[in-house]
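Visitor: I have a protein model to look at, and I would like a short tour. Could you take my questions one by one?

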Amino acid sequence: MQKSSRQAQMILNDNLWKVMIKLTLPAIVAMGLHGLNVIFDAIFVGKFVGELALSGISVAYPLAQIALGIGSMIGGGAGAYLSIVIGEKDTETQNKILGNANLLGLVLSIFLMILLFITAKPLLSFMGGKGEVLEIALSYFRITVIGMLFWILSLAYNMIIRAEGKMGKAALIMGTGLVVNIVANYILMVVFRFGVVGAAWGTNLGMFVYTILQIMYFKSGKTTFKTKVFALRRDSEIMKKIIALGMPQLIMSITGLLLGMVILNAIGAVGTDYDLAFYGVSFRIMTFMMMPINAFMRSLQPVVGMNFGAKKYDRVISAVKIYILGALIVIAPIYLWVVLNPQSVLGLMFEGAISPENIFNFIIFMSVIPLFTVTMNGMSYFPAIGESKIASTMPILRQFILYIPAMIFLPRLFGVRYAYVSAFVIDVFIAIVIGILLLRSFTKLRKAMN
């Protein structure tokens, strides 16, 4: 039996705790490296360039995530569909997926690069950038736009590899690209003192290496399905499936971007450059904290998709519960250390003592992280069983209906603190809603089994 076939059989038949550990551990390592990269960017800029530069990249950072949203849509949709057809043993469809993903990636990359390069300045102004902060953000962002083809393809390819169940391979490739990124940032920013321009070029170089390594894997012949890595295909049904199943990922990114614009505008209107930098740093630390949960979310998708395709609904339900519990066990010690030692954590990026008010803001912002074990695993579960509408609706409810109105009015009325307090209340509510939807879905699966 080929290694790829053994991997599928392991996902379909082995003890689910064993499956979770085997798939998630390498993903945690990879996502941890990604989180460290986000943190190191802020450390290098904050320590070696300055607080003003940190404000600049904080303004630009949410916009740079558009490319990752497109990559997540393509990779998440292709990966979810691939997992299902692997469970169904539909080899013909498996072999067509990569070519369709390639065409989507190429077309959307070119469109996005042109659009963002032209509109960079007004978009960054709308994000709250003013004066020197705006100029710093503009120089950083335009360089990241140049590399967006590799941002999109690297993430899409990695999610397709994960959908095969090959978390170790995906993690090794991701880790290598991210190490290149960190080393390049150090050389360009600390040794050659290129400032935020060095940070942007370092990230682009990491994404380029990341993409090349995955192309080499697809050409190696070790994939679960037949691959022609440079093929471009347009199969309307497959492309519709990829877009439909990946749309929740894109909606999350776009609504997250709009939310970032609103939050940074609100903080910029009532706060200082320091407040902008502080929110940017808090957001990066939260991103790092969520990386282990993200690893569970990513490795859950092939487990649910393959077992759902094989109609093993009892394993689908058990897998979701085990993954939520496993994510809680892993995140608990990291979470407790951060909320009990906020001064030490924030001191990595800021000189001097942090005010008690900002310490409170930071702690309330972080306090919702354990609930993300339900939210994020739920967002992985619904597309994996073909219910992309639910996963698409949740970001719209969270960002558009709840977050954006709250962030427009509350900080302006009551001060910067309410940007953090509102975030906490809304995310508690969303976790409860997703928990209820999961329980309802499990009931439907149990009826299907009977």
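Guide: Helices here are DSSP runs of at least four residues, numbered from the N terminus. Keep in mind that this is a predicted model.

Visitor: In which loop is Arg193 found?
Guide: Helices take their numbers from the N terminus. Arg193 is found in the loop between α7 and α8.

Visitor: Is Arg193 buried or exposed?
Guide: Exposed means over 50% relative accessible area. Arg193 has a relative accessible area of 62%, so Arg193 is exposed.

Visitor: What is phi of Arg193 near?
Guide: Most residues other than glycine have a negative phi. Arg193 is a residue other than glycine, yet its phi is positive. The value is near 55°.

Visitor: What is phi of Lys89 near, and where is Lys89 found?
Guide: Lys89 is found in the loop between α3 and α4. Lys89 is exposed, with a relative accessible area of 66%. Its phi is positive, in a residue other than glycine, and is near 60°.

Visitor: Is Ile182 buried or exposed?
Guide: Ile182 lies in helix α7, residues 167-191. Buried means under 20% relative accessible area. Ile182 has 17%, so Ile182 is buried.

Visitor: What separates the C-alpha atoms of Ile182 and Val145?
Guide: Along the chain, Ile182 and Val145 are 37 residues apart. Their C-alpha atoms are separated by 19 Å.

Visitor: How many aromatic pairs are there?
Guide: Rings of Phe, Tyr and Trp pair if their centres lie within 6.5 Å. By this rule the count comes to 13.

Visitor: Why is the pair of Tyr279 and Phe365 described as it is?
Guide: Planes under 30 degrees apart count as stacked, and over 60 as edge-to-face. The ring centres of Tyr279 and Phe365 are 5.8 Å apart, and their planes are at 50°, so the pair is tilted.

Visitor: Which helices does that pair of Tyr279 and Phe365 tie together?
Guide: Tyr279 is buried at 9% relative accessibility. Phe365 is buried too, with a relative accessible area of 7%. The pair ties together parts 86 residues apart in sequence, because Tyr279 lies in helix α10 and Phe365 in helix α14.

Visitor: What kind of pair do Tyr381 and Phe442 form?
Guide: Tyr381 lies in helix α15 and Phe442 in helix α17, so the pair ties together parts 61 residues apart in sequence. The ring centres are 5.7 Å apart. The planes are at 80°, so the pair is edge-to-face.

Visitor: Which residues do ring pairs link into a cluster?
Guide: Tyr279 and Phe365 have their centres 5.8 Å apart. Ring pairs link them into a cluster with other rings. The cluster holds Phe278, Tyr279, Phe365 and Tyr420.

Visitor: Which residues does Asp235 touch, leaving out those up to four places away in sequence?
Guide: Asp235 is found in the loop between α8 and α9. Asp235 is buried, with a relative accessible area of 19%. With residues up to four places away set aside, Asp235 touches Lys96 and Asn100.

Visitor: How do the residues that line the second largest cavity divide?
Guide: This cavity has a volume of about 160 Å³. Its lining has 16 residues, with Gly76, Met159, Gln249, Arg298 and Gln301 nearest the centre. Helices α3, α6, α9, α11 and α15 each supply at least two residues of the lining. The lining divides into 8 nonpolar, 6 polar and 2 charged.

Technical notes:
Residues are numbered from 1 along each chain as its sequence is written. This is a predicted model: local features need pLDDT of at least 70, side-chain atom pairs count only at pLDDT 80 or more; totals for chains, interfaces and linings use all residues. Side-chain values use heavy atoms; hydrogens and water are left out. Buried means under 20% relative accessible area, exposed over 50%, partly exposed in between (1.4 Å probe, protein chains only). Rings of Phe, Tyr and Trp (its six-membered ring) pair if their centres lie within 6.5 Å; planes under 30 degrees apart count as stacked, over 60 as edge-to-face and the rest as tilted. Contact means heavy atoms within 4.5 Å. On a 1 Å grid over the protein atoms alone, a cavity is a set of points where a 1.4 Å probe fits but cannot get out, and a pocket is an open set with protein on both sides within 12 Å along at least five of seven lines; lining residues have an atom within 4 Å of a point. Grid points are joined across faces, edges and corners, and a volume is the space filled by probe spheres set on the points. Ala, Val, Leu, Ile, Met, Phe, Trp, Tyr, Cys and Pro count as nonpolar, Asp, Glu, Lys and Arg as charged, and the others, Gly among them, as polar.
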